[in-house]
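Hi,

Here is the structure I promised to pass on.

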Amino acid sequence: MDIVPQAKANAGNPLDNDMQAHIGRQLRAMYDTVVNQPVPDRFLELLNQLDAKTGDEKEPE
């Protein structure tokens, strides 16, 4: 009668280990493609503007 203890063990975790591993692999594969994409020029411009502003605030005179 292992059904009851197994049901209790999985009560807080509806996905089994194989399913969790599969989802993890899929998320890593998707994340890797996003990370390897170049940063858009507009984002680089905004980051440079932000760096310039924070640089001005760091050097009060």
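Let's start with a contact: the side chains of Glu45 and Arg42 meet in a salt bridge, with 3.4 Å from N to O. (A salt bridge here is a side-chain nitrogen of Lys or Arg within 4 Å of a carboxyl oxygen of Asp or Glu.) By that rule, the count comes to one salt bridge. Both Glu45 and Arg42 sit in helix α3, residues 41-58, three residues apart, or about one turn of the helix. Glu45 is partly exposed at 42% relative accessibility, and Arg42 is partly exposed as well, at 46%. For those words, buried is under 20% relative accessible area, exposed is over 50%, and partly exposed is in between, using a 1.4 Å probe and protein chains only.

Before you read on, some ground rules. This is a predicted model, where local features need pLDDT of at least 70 and side-chain atom pairs count only at pLDDT 80 or more, while totals for chains, interfaces and linings use all residues. Residues are numbered from 1 along each chain as its sequence is written, and side-chain values use heavy atoms, with hydrogens and water left out.

Now the overall picture. The chain has three helices and zero strands, running α-α-α from the N terminus. (Helices are DSSP runs of H or I with at least four residues, strands are E runs of at least two, and both are numbered from the N terminus.) Of the 61 residues, 2% count as buried. The accessible surface comes to about 6,000 Å², with 58% of that belonging to carbon and sulfur atoms; areas are Shrake-Rupley with a 1.4 Å probe, and for residues only the protein chains shown count as cover.

On confidence, pLDDT is the predictor's own confidence in each residue, from 0 to 100. The chain averages 81, and 69% of the residues score at least 70. Confidence is lowest in α1, at a mean of 56, and highest in α2, at 93. Where pLDDT is low, the predicted coordinates should not be read in detail.

One more residue to look at is Leu15, in the loop between α1 (3-10) and α2 (17-35). Leu15 is partly exposed, at 38% relative accessible area.

Cheers
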